[in-house]
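Thanks for making the time this morning. I would like to walk you through one protein, and please keep the picture in view while I talk.

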Amino acid sequence: MPLPLLWMGSAVIGAVLLADDREKRQQLERDRLLGKAPKYPVAKRAMVAAPSQWQKGLKQVAPIPGSIVCCYVFGVIEHTGIWLGDDCLVELHGSGLVRAVSVKRFLAGRTGSQTYLACNHQHQPLIADSVLTRAEQAIYQYREYDLFDNNCHRFVWSCISQRGEEVVKGFNELNQKLAEHFNQAIYWDEMSISKLSE
């Protein structure tokens, strides 16, 4: 009998935490609309608004060639790439092949149903100089893929910084590097799919 009560208690606590997180995200969106949102990293936290599968539709942003794109992999880790345009982006696949894929293919085999763009506090995609050229030049190359040391985050960072020797191991470390590179706080906004067909 106590086990169902524990489950119910856990569900209630989870619902309360989710509601609190949703309220914080909505307040952050109001602050962004009013121009009060942090422009720079807050308390050494580079990522102010993480990608969120739970809070869709607050603000959708159209991708621009060179945008940094991410999605969830099984709701646990993130996968990143560089937007080329015309429903096409460049990713480092787990096989080690750098390839150009559609959004549908980017999401295939992953539980995420949504893509996100790295943006500034004004919902503008962050785009580095020459990132598009470096991403296009990398297509069809093979890299010695390693989940921890030579992954999609390191590939994206190498396209942005042109310093491929720097090991970017995870999504949080990528966000830290992006914040330093752009001198901006990082906001992951939902990518507008409707804009892809225009």
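This is a predicted model: local features need pLDDT of at least 70, side-chain atom pairs count only at pLDDT 80 or more; totals for chains, interfaces and linings use all residues.

The secondary structure comes to five helices and eight strands, and, read from the N terminus on, the elements run α-β-β-β-β-β-β-α-β-α-α-α-β. Of the 198 residues in the protein, 47% are buried, and if we take the contacts with a separation of 6 or more, 66% of them are between residues 24 or more positions apart.

Let me turn to the interior. As a general point, nonpolar side chains in soluble globular proteins tend to be buried together. Here the largest nonpolar core has 32 residues, and those with the most contacts inside it are Ile 68, Phe 155, Ile 160, Leu 178 and Trp 188. Two or more residues of this core come from each of E3, strand E5 (89-92), strand E7 (116-119), H3, H4, H5 and E8. There is also a second, separate core of 12 residues, which includes Val 69, Leu 89, Phe 106 and Leu 107.

Which residues does Ile 160 touch, if we do not count those up to four places away in sequence? The partners are Ile 68, Ala 128, Val 131, Arg 134, Leu 178 and His 181, and two of these, Ile 68 and Leu 178, are themselves among the residues with the most contacts inside the largest core.

The buried residues in H5 are Phe 171, Leu 174, Asn 175, Lys 177, Leu 178, Ala 179 and Phe 182. After H5 comes Asn 183, whose phi is positive, near 55°.

Now to the outside. The accessible surface comes to about 10700 Å², and 56% of that belongs to carbon and sulfur atoms. A nonpolar patch on the surface is formed by Phe 74, Val 76, Ile 77, Leu 147 and Phe 148, which together have about 550 Å² of accessible area. Of these, Leu 147 has its place in the loop between helix H3 (131-138) and H4, and Leu 147 is partly exposed, with a relative accessible area of 47%.

Finally, the structure holds two salt bridges. In one of them, Glu 91 pairs with Arg 99, with the closest N and O atoms 2.6 Å apart; Glu 91 counts as buried at 0% relative accessibility, and Arg 99 is buried as well, at a relative accessible area of 15%. Lys 169 forms a salt bridge with Asp 149, where the closest N and O atoms are 3.4 Å apart. Lys 169 lies in the loop between H4 and H5, and Asp 149 in the loop between H3 and H4, so this pair ties together parts that are 20 residues apart in sequence. Here Lys 169 is partly exposed, at 46% relative accessibility, and Asp 149 is also partly exposed, with a relative accessible area of 34%.

Methods:
Residues are numbered from 1 along each chain as its sequence is written. Side-chain values use heavy atoms; hydrogens and water are left out. Buried means under 20% relative accessible area, exposed over 50%, partly exposed in between (1.4 Å probe, protein chains only). Helices (H or I, at least four residues) and strands (E, at least two) are DSSP runs, numbered from the N terminus. Contact means heavy atoms within 4.5 Å. Accessible areas come from the Shrake-Rupley method with a 1.4 Å probe; for residues, only the protein chains shown count as cover. Patches are made of residues with over 30% relative accessible area and no salt bridge: like charges are joined within 9 Å, nonpolar side chains (Val, Leu, Ile, Met, Phe, Trp, Tyr) within 5 Å. A salt bridge is a side-chain nitrogen of Lys or Arg within 4 Å of a carboxyl oxygen of Asp or Glu. A nonpolar core is a set of buried Ala, Val, Leu, Ile, Met, Phe, Trp, Tyr and Cys residues joined through side-chain atoms within 4.5 Å.
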